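Below is a short note for a colleague who is new to this structure. Please read the points with the sequence and the 3D view open.

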Amino acid sequence: MSDTGLFILSAVIASLITLLTAYLIMLILSFILMNNFKNKVKKQSEKVNIIIYQKFEVLSSLSEYLDQYIKDESRLKHLTKEEIKNYISLSPLNYSEAYSISNQLTSRAQKIYVNYEFNEKQKEIDLLFKSLSDLDDKYYESIQTYNSFVLGYNYWRNLKFTRWLKILFKIKKLESIN
């Protein structure tokens, strides 16, 4: 074989090794980024869980105040710790359902609040309603952050060159929260 042929062969082999190395680096980078986004999704999911738990805690406190003054059928059902845990035990994809339940209870509390006078505990009740409003704001911010992390994870998961990683590691698509 001539020197030119040997030079071309070594150049082709060097190019293939360079391309293979670049591909492996991209795979490793993609896997690291997917894992990073997955960890962020998990942490954000925990934050959403805490916010919902806090909302049910505030609702529980609010119901205690309201129930002291109301003795008829329009009474807000007092939430026990066990009931709160049942709502919280809904899976992350059911945060919307748990949040909807908390909004229904908030709406009931607001209707009761409007129809009755709470002279002695007015400030405490107002603070609890303010806390509910603040928690709603935090919830929406947390859901937006959660969904952005899910989008980032799914972006890196869906790249064409990482297809075999999905199969090898059984990487599942994450769902956003509506």
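1. On the source. The structure is a predicted model. Local features are taken up where pLDDT is at least 70, and side-chain atom pairs count only at pLDDT 80 or more.

2. On the aromatic pairs. The count comes to 5 aromatic pairs. One of them joins Tyr 139 and Tyr 140, with ring centres 5.6 Å apart and planes at 70 degrees; planes over 60 degrees apart count as edge-to-face, so this pair is edge-to-face. The two residues can also be described by their accessibility. Tyr 139 is buried, because its relative accessibility is 3% and the limit for buried is under 20%. Tyr 140, at 47%, counts as partly exposed.

3. On a second pair. Tyr 155 and Trp 156 also form an edge-to-face pair, because their planes stand at 85 degrees, with the ring centres 5.3 Å apart. Trp 156 has a relative accessibility of 18% and therefore counts as buried.

4. On the aromatic cluster. Which residues do ring pairs link into a cluster? They are Tyr 99, Tyr 139 and Tyr 140. The edge-to-face pair of Tyr 139 and Tyr 140 was described in point 2.

5. On a charge over a ring. Lys 40 places its charged end over the ring of Phe 37. The distance to the centre of that ring is 5.6 Å.

6. Two or more residues of the patch come from each of helix 1 (3–69) and helix 5 (163–169). Helix 1 contributes the most, with 4 residues. Trp 164 belongs to helix 5, and with a relative accessibility of 41% it counts as partly exposed.

7. In one of them, the side chains of Asp 136 and Lys 55 meet at 2.7 Å, N to O. This pair links distant parts of the chain, since Asp 136 lies in helix 4 (residues 122–157) and Lys 55 in helix 1, 81 residues apart. Are these two residues buried or exposed? Both Asp 136 and Lys 55 are buried.

8. Asp 134 and Lys 130 form a salt bridge through their side chains, at 2.9 Å from N to O. The two residues are 4 apart in helix 4, so about one helical turn separates them. Asp 134 has a relative accessible area of 31% and is partly exposed. Lys 130 also counts as partly exposed, at 48%.

9. On a side-chain to backbone contact. Asn 154 is a residue of helix 4. Its relative accessible area is 9%, so Asn 154 is buried. A polar atom of the Asn 154 side chain lies 2.8 Å from the backbone oxygen of Leu 174.

Notes:
Residues are numbered from 1 along each chain as its sequence is written. Side-chain values use heavy atoms; hydrogens and water are left out. Rings of Phe, Tyr and Trp (its six-membered ring) pair if their centres lie within 6.5 Å; planes under 30 degrees apart count as stacked, over 60 as edge-to-face and the rest as tilted. Buried means under 20% relative accessible area, exposed over 50%, partly exposed in between (1.4 Å probe, protein chains only). A charge sits over a ring if NZ of Lys or CZ of Arg is within 6 Å of the ring centre and within 35 degrees of the ring normal. A salt bridge is a side-chain nitrogen of Lys or Arg within 4 Å of a carboxyl oxygen of Asp or Glu. A polar contact is a pair of N or O atoms within 3.5 Å; within protein, one must be able to donate a hydrogen and the other to accept it, and residues adjacent in sequence count only if both atoms are side-chain atoms.
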